[in-house]
Amino acid sequence: MAYPKIFTSFFVLILIVHIKCYTAEMKRNQVISELIKNHDRFVSPDYEEDFPTVVSVQLYVSSVDTVSEQNMEYSVTILLRQLWHDPRLNYTRMSSLSRLEMDSSRINNFWVPDLFFSNEKKGSFHDVTKPNRMLLIYRNGTVFYSIRLSLTLSCYMRLERYPMDDQICSMVMESYSYSAENVFFKWIETQKPVVVDRSIEMPQYTLKKYHATVCKKDYGEGEHIYSFNADSYISTYI
Ligand SMILES: *[C@@H]1O[C@H](CO)[C@@H](O)[C@H](O)[C@H]1NC(C)=O
Ligand SMILES: *[C@@H]1O[C@H](CO)[C@@H](O)[C@H](O)[C@H]1NC(C)=O
């Protein structure tokens with residue numbers, strides 16, 4: 001009889017699909033375990049080399065929450081995005097998966113840069129449901145890291161001409177522990193370094209423009225740190 005045969009082959013087909021999904025899942029986890037096992041998160045990617053690890057930085061400003069002349073501060077919510085290459089995480093030989101996505105609980109197993117905001121008064125990570133952090137590792141060892149932050153930053157405002165005034169408020173970033181010989185931070189070159197959400201609206205202010213600059217600071221002994229300035233020009237006169 002033909003009827004039961006069709007039924008049998010249909011059943012076999014479902015079984016094959018199931019097995020395929022299962023092996024793909026195992027491989028991904030194996031690759032991640034292998035990478036974690038051989039990784040020292042306390043050591044920067046090219047620590048043993050004569051050249052620095054280059055970290056490209058991009059800021060995505062999702063909102064400007066307050067601007068206070070009294071306290072000379074302003075607060076923003078941003079995504080801090082960083083891109084670098086870590087040869088230790090090149091998994092070309094282990095898998096053909098194009099990239100691995102790490103959630104917040106696994107990120108702590110990997111080295112990440114230590115940028116901080118030097119004009120920060122207070123800051124917080126977003127961790128509603130889970131910390132808003134994401135790390136992508138591409139097969140060739142290129143790493144993309146994104147964190148969502150809310151910051152209150154100091155801004156020296158010149159108030160002589162208030163309220164018909166333009167204020168320049170900066171976000172100044174520096175590496176906490178690495179000199180430029182070890183980890184070199186720069187603004188991203190392939191895209192806009194500072195991206196502002198187009199829906200940003202503040203009742204009393206307008207954001208006129210953004211300007212991304214780099215300053216070199218010397219700390220003696222040939223050590224220098226580059227600080228990154230994202231200057232926002234805020235106009236109190238609309
Ligand atoms: C690694 O792969 C990514 C994604 O395909 C690419 O954008 C990047 O330029 C590559 N990096 C290197 C160092 O080859
Ligand atoms: C990644 O590893 C493969 C195999 O070892 C090598 O051929 C390739 O050049 C490496 N890629 C990068 C960007 O280092």
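This is a predicted model: local features need pLDDT of at least 70, side-chain atom pairs count only at pLDDT 80 or more; totals for chains, interfaces and linings use all residues.

Colleague: How do you know where confidence is lowest and where it is highest in the protein chain?

Modeller: One consults pLDDT, the predictor's confidence in each residue, from 0 to 100. The chain has a mean of 79, and 74% of its residues reach 70 or more. Strand β12 (residues 224-235) has the lowest confidence, at a mean of 60, and β6 the highest, at 95. Over residues 15-26 the pLDDT stays under 50, and the model has 0 contacts there beyond four places in sequence; a contact requires C-beta atoms, placed from the backbone, within 7 Å.

Colleague: What secondary structure does the protein chain have?

Modeller: There are 2 helices and 12 strands. Helices (H or I, at least four residues) and strands (E, at least two) are DSSP runs, numbered from the N terminus.

Colleague: Why is Tyr74 called buried?

Modeller: A residue is buried if 20 or more other C-beta atoms, placed from the backbone, lie within 10 Å of its own, exposed if 12 or fewer, and partly exposed in between. Tyr74 has 26 C-beta neighbours inside 10 Å and therefore counts as buried. This residue is found in strand β2, and beyond four places in sequence its contacts include Val64, Leu153 and Cys169. Of the 238 residues of the chain, 20% count as buried.

Colleague: What makes a group of residues a nonpolar core?

Modeller: The members must be buried Ala, Val, Leu, Ile, Met, Phe, Trp, Tyr or Cys residues, joined through C-beta atoms within 7 Å. The largest such core has 33 residues, and Tyr74, Val143 and Leu153 have the most contacts inside it. Several strands each supply at least two of its residues, among them β1 (53-68), β2 (73-85) and β7 (142-154). Val143 touches Trp84, Asp86, Leu89, Leu135 and Ile137, leaving aside residues up to four places away in sequence.

Colleague: Why is strand β5 said to lie largely in the open?

Modeller: Strand β5 spans residues 120-125, and of these 6 residues the number buried is 0, so the strand lies largely in the open. β5 pairs with β7 in the antiparallel sense over 5 bridges, whereas pairing requires at least two bridges found by DSSP. Ser124 stands opposite Ser150 in β7.

Colleague: Is Met72 to be called buried, exposed or partly exposed, and what makes it so?

Modeller: With 15 other C-beta atoms within 10 Å, Met72 is partly exposed. Met72 lies in the loop between β1 and β2, and its phi is near 50 degrees, a positive value in a residue other than glycine.

Colleague: Which residues are around ligand 1?

Modeller: They are His85, Tyr138, Asn140 and Thr142; a residue is near a molecule if its C-beta atom, placed from the backbone, lies within 6 Å of it. By class, this shell has 1 nonpolar, 3 polar and no charged residues. Ala, Val, Leu, Ile, Met, Phe, Trp, Tyr, Cys and Pro count as nonpolar, Asp, Glu, Lys and Arg as charged, and the others, Gly among them, as polar.

Notes: Residues are numbered from 1 along each chain as its sequence is written. Chains are lettered from A and ligands numbered from 1 in the order in which they are written. Two residues are in contact if their C-beta atoms, placed from the backbone, lie within 7 Å.
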